[in-house]
Amino acid sequence: MQVDREMLALGYAGVYSGFLQHAVAAARRHGLDTRAIPIETGRRRMVGGQAGMITDIALDLAAAGCVD
């Protein structure tokens with residue numbers, strides 16, 4: 001497994017690695033830094049099985065002006 005900035009953000013946020021593919025797709029779709037989504041999922045204390053909420057987080061971040 002390759003460790004990159006996104007993987008480090010997952011570790012920092014303490015979230016499930018399965019969120020990464022969803023976070024990358026949502027970040028690209030909404031013009032966000034991919035690392036912002038895992039950090040926010042950790043702040044919200046999300047657990048595995050809640051990947052569907054990543055789109056909501058991306059929309060919240062985009063509305064707050066956290067674009068890349």
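**Helix H3 and its surroundings**

H2 passes H3 in a right-handed crossing. A crossing is right-handed if the near helix is turned clockwise from the far one by less than a right angle, and left-handed if anticlockwise. The model is predicted: local features need pLDDT of at least 70, side-chain atom pairs count only at pLDDT 80 or more, and totals for chains, interfaces and linings use all residues. Residues are numbered from 1 along each chain as its sequence is written, and side-chain values use heavy atoms, leaving out hydrogens and water.

**Confidence**

- The protein has a mean pLDDT of 84 (the predictor's confidence in each residue, from 0 to 100).
- In the protein, 91% of residues reach 70 or more.
- Confidence is highest in helix H4 (residues 54-63), at a mean of 93.
- Confidence is lowest in helix H1 (residues 5-13), at a mean of 79.
- Helices here are DSSP runs (H or I, at least four residues), numbered from the N terminus.

**How H2 meets H3**

- The axes of H2 and H3 are 9 Å apart, and the two helices pack at an angle of about 125°.
- That angle makes H2 oblique to H3.
- Axes are lines fitted to C-alpha atoms, for helices over the stretch in contact, and angles run from 0 to 180 degrees between N-to-C directions.
- Angles under 35 degrees count as roughly parallel, over 145 as roughly antiparallel, 65 to 115 as roughly perpendicular, and the rest as oblique.
- From H2, Phe19, Ala23, Ala26 and Ala27 meet Ile37, Pro38 and Thr41 of H3.
- Contact means heavy atoms within 4.5 Å.

**Inside H3**

- The buried residues of H3 are Ile37, Pro38, Glu40, Thr41 and Gly42.
- Buried means under 20% relative accessible area, exposed over 50%, and partly exposed in between (1.4 Å probe, protein chains only).
- These buried residues pack against H1, H2 and H4.
- Thr41 counts as buried because its relative accessibility is 0%.
- Leaving aside neighbours within four places in sequence, Thr41 is in contact with Val15, Phe19, Met46, Ile54 and Ile57.
- With such neighbours again left aside, the contacts of Ile37 include Ala23, Leu32, Ile54 and Leu61.

**The nonpolar core**

- The largest nonpolar core has 16 residues.
- Phe19, Leu32, Ile37 and Ile54 have the most contacts inside this core.
- H1, H2 and H4 each supply at least two residues of the core.
- H2 gives the largest share, 5 residues.
- A nonpolar core is a set of buried Ala, Val, Leu, Ile, Met, Phe, Trp, Tyr and Cys residues joined through side-chain atoms within 4.5 Å.

**The loops on either side of H3**

- Thr34 lies in the loop between helix H2 (19-30) and helix H3 (36-43).
- Thr34 has a relative accessible area of 13%, so it is buried.
- Beyond neighbours within four places in sequence, Thr34 is in contact with Glu6, Ala23, Val24 and Ala27.
- Arg45 lies in the loop between H3 and H4.
- Arg45 is exposed because its relative accessible area is 73%.
- Its phi is near 55°, a positive value in a residue other than glycine.
- Most residues other than glycine have a negative phi.

**A look at H1**

- Met7 is found in helix H1.
- Met7 is partly exposed, with a relative accessible area of 21%.
- Met7 and Ser17 are 10 residues apart in sequence, and their C-alpha atoms are 7.8 Å apart in space.
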